[in-house]
Amino acid sequence: MVASPRVAVVGAGAAGLATLKALADAGVPAVAFETAGTVGGLWVYGAPGSPAYRTLHLNTSRGRTEFADHPMPADWPDYPDHTRVAGYLAAYADRFDLGAAVRLRHTVERVTRAGDGWRVHATGPGGPVQVDVEAVVVANGHNRVPHLPEPYPGECVAAQMHSHDYRGPEQLAGRRVLVVGGGNSAMDIAVDASHAADRTLLSLRRGIWVVPKYLLGRPSDTLNGALARRLPWRLRQRISQRMLTATVGPPTRYGLPAPAHGFLQDHPTLSDALLSRLTHGDIEPRPGIARLDGRRVEFTDGRTDEIDLVIWCTGYRVRVPFLDPDLLGNGADRLPLYRHVFHLDAPGLAFVGLMQSTGAAFPLLEAQARLVAARLAGTWAPPEPARQAAACAAELRAATARWGQRRPHMRVDFDAYLAELRRELAGGRRRAATTR
């Protein structure tokens, strides 16, 4: 157990472990609280709150996903499954001796201000726990509270579930399944259903760009990464969209609605199997739902179908229930954070992982964690508050122009943001050096 920690980290998934590693490297003692009985967060199949299902794999390639200081094994496949990723995170914790700083089976109930610092109230196997620290890092992820759509007209008597509760194809066997949503989980579950269910329908209210996991013989995210180092996103968008249309064809070719936004203006949906299952008729595309009537579903194009099970792949609500609502303003998904990390009005409160990336997450978590660690070690200093607020406002304007109202506060371009964090770390170190 860590003695006299200066920092409390909430969560010991990828974000929490990256934060503990960065703090240890900076010589800042910390303690982490993890609800589950093991580290690894959402990648641990069957862990409390984990949405992992048996067929889950990375949807970003191994080389673009791994931590810089802990590469994934070179003999692994390009897109490892959840078992490998969970093992990778456990090995990361073991290699850097992070386990001693983690209190497993401890759930943080409240985080409150305590003088110039913070007080963490948690519940563990032995009862309530209270720890006073200088700073708190929220690193518990945001894929825990399922988001369900507003009720549709009519009444549905078919079984319903959210993708958060999906575990494997046996839940779909012999049923007429309607999958609702256009994200990666929706595509994975629809493909699973196409092999196990009697019939599989996929309902999309809006168009999406479906990207194969390989383009031109390489993992597709490596191609955009190579372009990102040289070109602005608008030019990357034109090049990538033309390449995708030339190699795969437009989404309408597969019966999917035309995307309302250009490529790179939403989180990519990656699937090698979806388009094949669509062209073979094993998955039948449908537009949005107009009405539910018993076991019948009416779609916006007038078609109706009988179903036995609806799987809502409709994302998650961003909730940080242990923080005072006053600290979250209009909501955690609309909270302005300097460089998506530091709270503007609460010194000592930072977030690692409260973002939605166009690519992988782990390298961004690692970079955010290093920024937090440098701040707490005194080797990085932020700009004055007015400049922090101005930077947040400028980022929000740019994100809104690109992504509209689809959580612009949280959106980051993987390559551009990673480069920005590197510049920020260097600039903040210069600021810290001039104030000593």
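Reader: Let's start with two helices, α1 and α9: is their crossing left-handed or right-handed?

Author: The crossing of α1 and α9 is right-handed, and please keep in mind throughout that this is a predicted model.

Reader: At what angle do the axes of α1 and α9 cross, and how are the two helices described relative to each other?

Author: The axes of α1, which covers residues 14–25, and α9 cross at roughly 40° and come within 8 Å. At that angle α1 and α9 are therefore oblique to each other.

Reader: Which residues meet there, in α1 and in α9?

Author: On the α1 side they are Ala 14, Ala 15, Ala 18, Thr 19, Ala 22 and Leu 23, and in α9 they meet Phe 362, Leu 365, Glu 366, Ala 369, Arg 370, Ala 373 and Leu 376. Sorted by class, the contact of α1 with α9 has 10 nonpolar residues, along with 1 polar and 2 charged.

Reader: And what about α9 and α11, how do their axes run?

Author: The axes of α9 (residues 362–377) and α11 (residues 414–434) come within 10 Å and cross at roughly 20°. That angle is under 35 degrees, which makes α9 roughly parallel to α11. The crossing in which α9 passes α11 is left-handed.

Reader: Which residues make the contact between α9 and α11?

Author: From α9 the contact draws on Pro 363, Leu 364, Ala 367, Gln 368, Arg 370, Leu 371 and Ala 374, while α11 brings in Phe 414, Tyr 417, Leu 418, Leu 421, Glu 424 and Leu 425. The residues of the contact of α9 with α11 divide into 10 nonpolar, 1 polar and 2 charged.

Reader: Changing topic, how many aromatic pairs does the structure hold?

Author: There are 11 aromatic pairs in the structure. In one of them, the rings of Phe 67 and Phe 362 have centres 5.1 Å apart and planes at 15°, so the pair is stacked.

Reader: Where do Phe 67 and Phe 362 lie?

Author: Phe 67 lies in the loop between α2 (62–65) and α3 (82–95), whereas Phe 362 belongs to helix α9, so the pair ties together parts that are 295 residues apart in sequence.

Reader: Are Phe 67 and Phe 362 buried or exposed?

Author: Phe 67 counts as buried, at 1% relative accessibility. Phe 362 is buried too, and its relative accessible area is 5%.

Reader: Which aromatic cluster includes Phe 67 and Phe 362?

Author: One aromatic cluster is formed by Phe 67, Trp 76, Tyr 88, Tyr 92, Phe 96 and Phe 362.

Reader: What about Tyr 152 and Trp 312, how are their rings placed?

Author: The ring centres of Tyr 152 and Trp 312 are 6.0 Å apart and the planes are at 10°, so this pair is stacked. Tyr 152 lies in the loop between β8 (145–146) and β9 (154–156) and Trp 312 in strand β21 (residues 309–312), so the pair ties together parts that are 160 residues apart in sequence. Trp 312 counts as buried, at 5% relative accessibility.

Reader: On to the backbone: what is the phi of Leu 216?

Author: Leu 216 has a positive phi of about 55°, although it is not a glycine. As background, most residues other than glycine have a negative phi. Leu 216 lies in the loop between β14 (214–215) and β15 (218–219), and at 62% relative accessibility Leu 216 counts as exposed.

Reader: And what about the phi of Arg 339?

Author: Arg 339, which is not a glycine either, has a positive phi of about 55°. Arg 339 is found in the loop between β23 (337–338) and β24 (342–343), and with a relative accessible area of 13% Arg 339 is buried.

Reader: Last topic, two prolines: where is Pro 287, and what is Pro 287 in contact with?

Author: Pro 287 has its place in the loop between β17 (284–286) and β18 (289–294), and Pro 287 is buried, with a relative accessible area of 19%. Leaving aside its neighbours within four places in sequence, Pro 287 is in contact with Ser 203, Leu 204, Phe 299, Thr 300, Asp 301 and Arg 303.

Reader: And where does Pro 336 lie?

Author: Pro 336 lies in the loop between α8 (325–328) and β23, and Pro 336 is partly exposed, with a relative accessible area of 36%. Apart from neighbours within four places in sequence, Pro 336 is in contact with Phe 342, Leu 344, Cys 392 and His 409.

Conventions
Residues are numbered from 1 along each chain as its sequence is written. This is a predicted model: local features need pLDDT of at least 70, side-chain atom pairs count only at pLDDT 80 or more; totals for chains, interfaces and linings use all residues. Side-chain values use heavy atoms; hydrogens and water are left out. Axes are lines fitted to C-alpha atoms, for helices over the stretch in contact, and angles run from 0 to 180 degrees between N-to-C directions. Helices (H or I, at least four residues) and strands (E, at least two) are DSSP runs, numbered from the N terminus. Angles under 35 degrees count as roughly parallel, over 145 as roughly antiparallel, 65 to 115 as roughly perpendicular and the rest as oblique. A crossing is left-handed if the near helix is turned anticlockwise from the far one by less than a right angle, and right-handed if clockwise. Contact means heavy atoms within 4.5 Å. Ala, Val, Leu, Ile, Met, Phe, Trp, Tyr, Cys and Pro count as nonpolar, Asp, Glu, Lys and Arg as charged, and the others, Gly among them, as polar. Rings of Phe, Tyr and Trp (its six-membered ring) pair if their centres lie within 6.5 Å; planes under 30 degrees apart count as stacked, over 60 as edge-to-face and the rest as tilted. Buried means under 20% relative accessible area, exposed over 50%, partly exposed in between (1.4 Å probe, protein chains only).
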